[in-house]
Amino acid sequence: MEILSAPQLAAWLADPSRPRPVLLDVREPWEFELCRLDDATLMPMNSIPARIDDLDEEAEIVCICHHGARSMQVAAFLERNGFGKVSNLTGGMHAWALQVDASMAKY
């Protein structure tokens, strides 16, 4: 599993030469409503086992949560289940709001 900082993910998303990753937001719906990355897919952590077939094992997936702990667990789960291109956004949406987008809501 790769660990990405918020600035590293921002650079990836801004680079047109790199394929865009699946931004897998594993927070709860109320958190997603407060703030989210453009094009992020909401799939709350507790729904991942039942919805794993909705994800492409070959896709680059970046797991995202509030601070990075839930997404780290989901990333590890995906790796154990055959996903080979999984990253975790360390510091989560909180780090994104502090380091990339100061206008983003913090909670």
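Which residues of β5 point one way from the strand, and which the other way? Val-86 and Asn-88 point one way, Ser-87 and Leu-89 point the other way, and all are buried, where buried means under 20% relative accessible area, exposed over 50% and partly exposed in between, with a 1.4 Å probe and protein chains only. The model is predicted, so that local features need pLDDT of at least 70 and side-chain atom pairs count only at pLDDT 80 or more, while totals for chains, interfaces and linings use all residues. Residues are numbered from 1 along each chain as its sequence is written, and side-chain values use heavy atoms, with hydrogens and water left out.

Strand β5 belongs to an open sheet of 5 strands, ordered β1-β5-β4-β2-β3 with parallel pairing. Strands (E, at least two residues) and helices (H or I, at least four) are DSSP runs numbered from the N terminus, and two strands pair if DSSP finds at least two bridges between them. The edges are formed by β1 (2-4) and β3 (41-42), each of which pairs on one side only.

The pairings can be followed across the sheet. Strands β1 and β5 run parallel and are joined by 3 bridges, with Ile-3 standing opposite Asn-88 of β5. Asn-88 is also the bridge partner of Cys-63. Strands β4 and β5 pair in the parallel sense over 3 bridges, and Val-62 has Ser-87 of β5 as its bridge partner. Further along, 4 bridges join β2 (residues 22-25) to β4 (residues 61-64), again in parallel; here Val-22 stands opposite Ile-61 in β4.

Strand β4 has buried residues pointing both ways: Ile-61 and Cys-63 point one way, Val-62 and Ile-64 the other way, and all are buried. For Cys-63 the relative accessible area is 0%. Cys-65 also counts as buried, at 1% relative accessibility.

Helix α4 (residues 69-80) lies across β1, β2, β4 and β5, and runs at about 175° to β5. Angles run from 0 to 180 degrees between N-to-C directions, and axes are lines fitted to C-alpha atoms, for helices over the stretch in contact.

Two helices also pack on each other. Such a pair is described by the angle between the axes and the distance between the axes. Helix α1 (residues 6-14) and helix α5 (residues 92-99) pack at about 75°, with their axes 9 Å apart. The two helices are therefore roughly perpendicular, the class for angles of 65 to 115 degrees, whereas angles under 35 count as roughly parallel, over 145 as roughly antiparallel and the rest as oblique. The contact (heavy atoms within 4.5 Å) is made by Ala-6, Pro-7, Leu-9, Ala-10 and Leu-13 of α1 and by Ala-95, Trp-96 and Gln-99 of α5.

In α5, the residues Gly-92, Met-93, Ala-95, Trp-96 and Ala-97 are buried. The buried residues of α5 pack against α1, β4 and β5.
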